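Have the model open beside you as you read.

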Amino acid sequence: ALFGVWVLKGEACLSACALAMAMAVEHGVRGAERTRRYVEEGATLGFHAGDVRADLRQAQTTLGDAMDLTYDIVERLSEVIQAGAAFVTGVVLARVLGPEALGLYAAVLAWVMLLVSISQAGLTPLLVREVAAERQAGRPGRIHGLLRLAIGLGTCAAALAWLVLLTRLWAQGLPPCSEALVIIGLGIVFFNALAFVMEAALRGLGKTLMGQAPQLLVRPIVHATLVFGLALMVTEKLSPGAAMALLAVAVLAECSCAAWARWHHARPARQAPVETDLPKWMTALVPLTLVGVLGAFSAQIGFITLGLWSTTSEVAAFRVAAQLTTLAMFGYAAVVAQNSPRFSALHTAGDPNAYARAAASAARMSFGLSLPAALILAVFGQDILTLVFGSAYAPAYPTLLALCAQVIALAGLGVAIPVLVAARQDGWLVAVQCAGQALHLGLLAYWIPSHGAAGAAWALAIATVAIHGSLVALARVKLGFWVLPLWPDRSKPA
């Protein structure tokens, strides 16, 4: 048995047992005769790794790095849970709604999510970038001012989008088959926009896990629980309005959790005197808002144009194919969420070599995680559609093939967006996005009438290659390195 631990100044004791026993010591206190745990100031107490190779036994890390790794692992697990819950919920909805009702639900939901994105567009990347930069510079007062501005603008923008759309719908008359869908969807707009803003603030503060937990865990788990519960209790087909109401409850739960987490983790910044830099923030917000609006337009325009120019069955085919490819996009989304604050800090630190290595590493990780999943879906997609969603959705396979190509392109080229946002190349981002979305809309108008959902999917794939390929070239010109899944020595600044 271990009787006691005494470590004097200048000496070292590398023993896990000694470390555990000495945890309660009052460091530097004389009088070893009165305690069996005494570590003198200047002594070293730790433990060795007996089963580790000899050349690695001197490797060290900081407690912060170790905890960051732990948080990263937990965050990835949370994203897996979110993707799984969302996918299973989508499968249940597809089966209990049927193709026609699912198409109507998806078409209205596309408008809702477009309004959500527009109402908070610009605020999310601004918060992640500027809060991370101010935290790196050690200015908590600026963080306090930025958080106040973002919450105020997010609230006003969400309320304005809600009121404008509701007024217009009342003036023109609601479509009789979708009144409940639209009214409930308006509530989702307000609370979801606020949740996105608060989650972005948490990610900028370095609380990436807490910033994504409401969206990755709370919302999908609540939504899945409600959908499964109602599906078990109701024997008839679920109505689109009831499905939208279940989503609204889940969004409200997400917003509540995000509000509590932001209030709790932003406490040190709130205690600092408020400092503002409105000209800088508003100047940055305008182009970021345009980029966000264009990105939201790109994400939802396929559903919206299919709803306008095709049938609800085609909308349903596009939705189930998009749900499957969302699983393949998990790697890209995780890499971007994790690396956006890191890119901002590296750009602020002014180390182009480290910036280039981080960008290349993120691109390789994104591509490596997404490619195998996309190829599996492309090869076995028709069987998967029939097995998971039912034989009524088997005609969605051509749409799935096109979306798999889009996922591969996005995973390989898409890391350029957070890299350029962190480098404050907002004007160029807006220009490229505008040109790309014009191309996207033109392709949709040309292909949807004749090819339906498959045409919409190929239009998205081609637009993705054009937009993100141009952004990769822009990063090479402006930053001096390629944001591609290349080896590190191929991505050094010119």
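Start with α10, a helix that is mostly covered: 12 of its 17 residues are buried. Keep in mind that this is a predicted model. The buried residues of α10 are V315, A316, A317, F318, R319, V320, A321, A322, Q323, L324, T325 and A328. At 1.5 Å a residue, α10 should span 24 Å, and its end C-alpha atoms sit 25 Å apart, so the two values agree.

Two of those α10 residues lead us to the inside of the protein. The largest nonpolar core has 65 residues, and F318 and V320 are among the members that touch the most others, along with L97, L102, Y105, L385 and F389. Eight helices each supply at least two residues of this core: α2, α5, α7, α9, α10, α12, α13 and α15. Of these, α2 gives the most, with 20 residues. In general, nonpolar side chains tend to be buried together in soluble globular proteins.

Now zoom in on L97. Leaving aside residues up to four places away in sequence, L97 touches L102, Y105, K237, L238, S239, P240 and A243. Apart from the core we've been looking at, there's another one, made of 51 residues that include L127, A201, L346 and Y355.

Is A457 buried or exposed? With a relative accessible area of 0%, below the 20% cut-off, A457 counts as buried. Its contacts, not counting residues up to four places away in sequence, are F318, T399, A402 and L403. If you look back along the chain to W447, 10 residues from A457, the two C-alpha atoms are separated by 9.6 Å.

Next, come out to the surface. W111, L308, W309 and L441 form a nonpolar patch there, and together they have about 430 Å² of accessible area. W111 is found in α2. With a relative accessible area of 46%, W111 falls between the 20% and 50% cut-offs, so it is partly exposed.

Last stop: charges. Side chains of opposite charge can pair when their charged atoms come close.

Note on methods. Residues are numbered from 1 along each chain as its sequence is written. This is a predicted model: local features need pLDDT of at least 70, side-chain atom pairs count only at pLDDT 80 or more; totals for chains, interfaces and linings use all residues. Side-chain values use heavy atoms; hydrogens and water are left out. A nonpolar core is a set of buried Ala, Val, Leu, Ile, Met, Phe, Trp, Tyr and Cys residues joined through side-chain atoms within 4.5 Å. Buried means under 20% relative accessible area, exposed over 50%, partly exposed in between (1.4 Å probe, protein chains only). Helices (H or I, at least four residues) and strands (E, at least two) are DSSP runs, numbered from the N terminus. Contact means heavy atoms within 4.5 Å. The expected span of a helix is 1.5 Å times one less than its number of residues. Patches are made of residues with over 30% relative accessible area and no salt bridge: like charges are joined within 9 Å, nonpolar side chains (Val, Leu, Ile, Met, Phe, Trp, Tyr) within 5 Å. Accessible areas come from the Shrake-Rupley method with a 1.4 Å probe; for residues, only the protein chains shown count as cover. A salt bridge is a side-chain nitrogen of Lys or Arg within 4 Å of a carboxyl oxygen of Asp or Glu.
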